[in-house]
Amino acid sequence: AKAVDRGQYQSYNPLEGGKFVAKSGLPTQIQEGKSFCVLGIESSCDDTGAAILRSDGTILGESLASQHSIHQPFGGVVPSLAKSAHEDSIDNVIQSALANAGMDIKDVDAIGVTVGPGLEICLRVGCERAKELARRYGKPFVAVHHLEAHILMARIPPEKYNINQSTSAPTHSECTITSTSLPRAMEFPFLALLVSGGHCQILKCLGIGQYSIIGGTLDDSLGEAFDKTARLLGLPVGGGGGPAIEKLAQDGDPNSIPLPVPLQKRKDCDFSYAGLKTAVRLASEKLKVERGVDSVEHLPRKDKADIAASFQNTAFRHLEIRLERAMDLVEKEDGVRSLAVVGGVAANSELRSRLNRLCLGRSNAWEMFVPPPRLCTDQGAMSAWAAVERLMVGSSDMVDGQEVFARYPFAVVSSNSPPT
């Protein structure tokens, strides 16, 4: 499955000999029993994000530079254009996040930045800027794993999600008086469903830096399948195919076009969306002939809405089947009954509703934790929060020599996966 370590890529493991090491130090506030503030930087794909986040999960200030208009004419992300846009935006985004928090870079207690997985030339923009700042101001540095950052967002207490709305911006001294008794929305171990533009995984989350992959995609991710279906239908994909399909599907009949649920004969937890993508294309081509139009893009809106709704329904049904199998497994073997749903596709309201029903409908109801939609997609707060979590267990990274990784798999593969 994608992103599972088979030994061919550098893998992510922040532990050394089973222990966390503070290679670049820790904020002094941790030992003093006070909270601290982290600058998080994100540039893994097509948006430049930065945020100042307090160690209790409060987002003090953030900024995001979208590249949707840049990539819209091309129907997808153009890496070279994304890199240039990151370079143009990175300093302004960081300064804006600091200004929104009412802070200066000198007031920040640590810096975290996404180093992979993602587009390497884009990751490097954020990483090099973060390294420069950490080196110049002598700040502890955390090299953040992008997927771990998505997963850990589900642990932020819900009351901390909203940016401080007070008329006077919080000062650094106000950031350091909170107790370090920091509750989390969910505790380890838990099950996570990670669904995004580049990844589709089910993971048993054992602790910071410790993830056991139960299932992954054999080909396309769910987000990729949404993007490709949106392009087939001629929908605007500058802001991602997922939101475009979700919006159009609201006007369609999810049962109007029969589509095969993938991998029905495989009794494991892996995903496959390539076959469904082909089935959607063939069904669309058939409708094109029946309607006498020259392309799928010229189908009547009602037909395209039915295609979108039927695709979304089948894609989610496939996901539900694989997820429920994983839920059975970890509940039986580990007593786990909590689910984190994270990643960009987790912003889809239909998916959130269906998975909530799935959790509540089990014989022993599960709790589901999902960040608000704006925190499901890539942004600086996720890097800042992942850095907080690492720092709180005594883990930081060396600035010098830190690389970025296009592929950066979790090293541990579940030995508890159901047999094929």
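**Briefing: helix packing and salt bridges**

E324, D328, E331, R337 and R362 are linked in a network of salt bridges, a salt bridge being a side-chain nitrogen of Lys or Arg within 4 Å of a carboxyl oxygen of Asp or Glu. This is a predicted model, in which local features need pLDDT of at least 70, side-chain atom pairs count only at pLDDT 80 or more, and totals for chains, interfaces and linings use all residues. Residues are numbered from 1 along each chain as its sequence is written, and side-chain values use heavy atoms, with hydrogens and water left out.

**Salt bridges**

- The structure holds 30 salt bridges.
- R362 pairs with D328 in a salt bridge whose closest N and O atoms are 2.7 Å apart.
- R362 lies in the loop between α10 and β12 (367–369) and D328 in helix α9, so this pair ties together parts 34 residues apart in sequence.
- R362, at 12% relative accessibility, is buried (under 20% relative accessible area; exposed is over 50%, partly exposed in between, with a 1.4 Å probe and protein chains only).
- D328 is partly exposed, at 40%.
- K204 forms a salt bridge with D334, the closest N and O atoms being 3.0 Å apart.
- This pair links distant parts of the chain, with K204 in strand β9 (residues 200–207) and D334 in helix α9, 130 residues apart.

**Helix packing**

- The axes of helix α9 (residues 301–334) and helix α10 (residues 349–360) come within 11 Å and cross at roughly 35°; axes are lines fitted to C-alpha atoms over the stretch in contact, with angles from 0 to 180 degrees between N-to-C directions.
- Helices are DSSP runs (H or I) of at least four residues and strands (E) of at least two, numbered from the N terminus.
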